[in-house]
Amino acid sequence: MSDSVWIRKIWRDTVWALLHNIRIRVTAQVRRPSVTIFGSGKTAGINILLPLNGEPGSAAAEPYDGPFAAAYNPQTGKLDVNGGWAFCNGAFATVPPARDIKPENGYLCVCAELTDGNWSPPEIRIATPAGTAHPIAEIVVDKDGDVWICQYPVTVAQIMTAKKCPLAEI
C-alpha cells in the first residue's frame with residue numbers, strides 16, 4: 001500500500017503556479033487586507049493587497065514623510081511632494097513643495113540650472129537624473145493606471161555642475 005495521492009495534472013499545475021506567483025502590494029486603495037486567486041493551471045496566482053496606513057502596531061508600512069516625500073493624491077490624480085533643501089555647488093537653497101504633478105513613468109527630480117554663475121530656484125519635476133537633476137523618487141504608471149512610487153529618502157538634494165577651466169587650456 002502506498003501513501004501517494006494522485007491528483008489531476010491541472011490541479012497540480014494550479015497549486016504549483018499559486019505557490020510561485022504570489023504578488024503582495026501595499027496600496028492606499030484598500031482599507032483592509034484582501035486576497036484574491038486568479039487564473040488556473042500554469043497561469044494561476046495570488047494577489048495580496050495590504051492597506052498603506054495601518055492601525056498602530058500593524059504590519060502595514062508607514063509612509064515616508066520626510067523631505068521630498070512623494071504621495072499620489074487619488075482625488076486629483078496628481079503627485080504631491082514635500083519641500084526640502086538643495087546643495088547647489090556649495091550653496092544651500094530651500095526647495096518649495098510641489099503640488100499637482102502629472103504622474104508619468106520616470107524619475108521625480110529636484111532640478112536647478114546654472115546660468116551665468118547664478119542658480120535658478122530649485123524645482124521638483126519629472127526629469128532624467130543628471131548633474132542638475134537629483135532623483136528623489138521613481139514613478140511607474142502601470143497599464144491599469146495604478147501609480148507606484150519608489151521613494152528615495154533624500155535629506156539634501158546634491159546638485160553639482162562643472163566645466164573645464166579655461167586657464168587649464170593655456
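Trainee: What volume does the second largest pocket have?
Mentor: First, this is a predicted model, where local features need pLDDT of at least 70, side-chain atom pairs count only at pLDDT 80 or more, and totals for chains, interfaces and linings use all residues. Residues are numbered from 1 along each chain as its sequence is written, and side-chain values use heavy atoms, leaving out hydrogens and water. On a 1 Å grid over the protein atoms alone, a pocket is an open set of points where a 1.4 Å probe fits, with protein on both sides within 12 Å along at least five of seven lines. Points are joined across faces, edges and corners, and the space filled by probe spheres set on them comes to about 250 Å³.

Trainee: Which element gives the most to its lining?
Mentor: Lining residues have an atom within 4 Å of a point, and among them here are R23, N47 and W148. Helices (H or I, at least four residues) and strands (E, at least two) are DSSP runs, numbered from the N terminus. Two elements give two or more residues, β3 (45-51) and β1 (22-27). The top giver, with three residues, is β1.

Trainee: Is A17 buried or exposed?
Mentor: A17 lies in helix α1 and touches G41, K42 and A44, leaving aside residues up to four places away in sequence (contact: heavy atoms within 4.5 Å). Buried means under 20% relative accessible area, exposed over 50%, and partly exposed in between (1.4 Å probe, protein chains only). A17 has 4%, so A17 is buried.
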